[in-house]
Amino acid sequence: PANPVAKNQACSVSPPSRVLPGYFGRLALRRLPAMDIDLLNPDPREERTKHKLKRMIQSPNSFFMDVKCPGCLQITTVYSHAQTVVLCGNCNQMLCQPTGGLARLTEGCSFRRKVE
């Protein structure tokens, strides 16, 4: 007999596996277009306009500030989004009044943003 494998036995050699081109196989065939923006170095002005949760590094819009009273020159710490009227501790002059978002400083009050 020319064939050493008996007719009743199954052949132990498996058929060649077929490799289907997947998603990454198609990407390798065509060149992707260059990106219009640099994702590693975003523009600071553009990042500032984005929503606080959509920025590359999430950061709040609110801050604390030192407000100087125009009457007695005492410095008071005020939250930027204060929801109540803030009065000076010495002369009871109104330093800021609440709005829907940022608090509105009274005319003549100067402020500086507090650093962490």
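Modeller: The largest nonpolar core consists of 12 residues: F63, M65, V67, C69, V78, A82, V86, C88, L95, C96, A103 and C109. Such a core is a set of buried Ala, Val, Leu, Ile, Met, Phe, Trp, Tyr and Cys residues joined through side-chain atoms within 4.5 Å. Two or more of its residues come from each of the elements β1 (64-68) and β4 (94-97); strands here are DSSP runs of E with at least two residues, numbered from the N terminus. In soluble globular proteins, nonpolar side chains tend to be buried together.

The model is a predicted one, in which local features need pLDDT of at least 70 and side-chain atom pairs count only at pLDDT 80 or more, while totals for chains, interfaces and linings use all residues. Residues are numbered from 1 along each chain as its sequence is written, and side-chain values use heavy atoms, with hydrogens and water left out.

Two strands pair if DSSP finds at least two bridges between them, and two bridges join the antiparallel strands β3 and β4. L87 has M94 of β4 as its bridge partner.

A salt bridge, defined as a side-chain nitrogen of Lys or Arg within 4 Å of a carboxyl oxygen of Asp or Glu, joins R112 to D66, with the closest N and O atoms 3.6 Å apart. Since R112 lies in strand β6 (residues 110-113) and D66 in strand β1, this pair ties together parts that are 46 residues apart in sequence. R112 is exposed, at 56% relative accessible area, whereas D66 is buried, at 12%; buried means under 20%, exposed over 50% and partly exposed in between, with a 1.4 Å probe and protein chains only.

D66 also meets K114 in a salt bridge of 3.6 Å, N to O. K114 lies in the segment after β6, 48 residues from D66 in strand β1. With 41% relative accessibility, K114 is partly exposed. Through shared partners, the salt bridges join D66, R112 and K114 into one network.

Notes:
Helix = DSSP H or I, 4+ residues; strand = E, 2+ residues; numbered from the N terminus.
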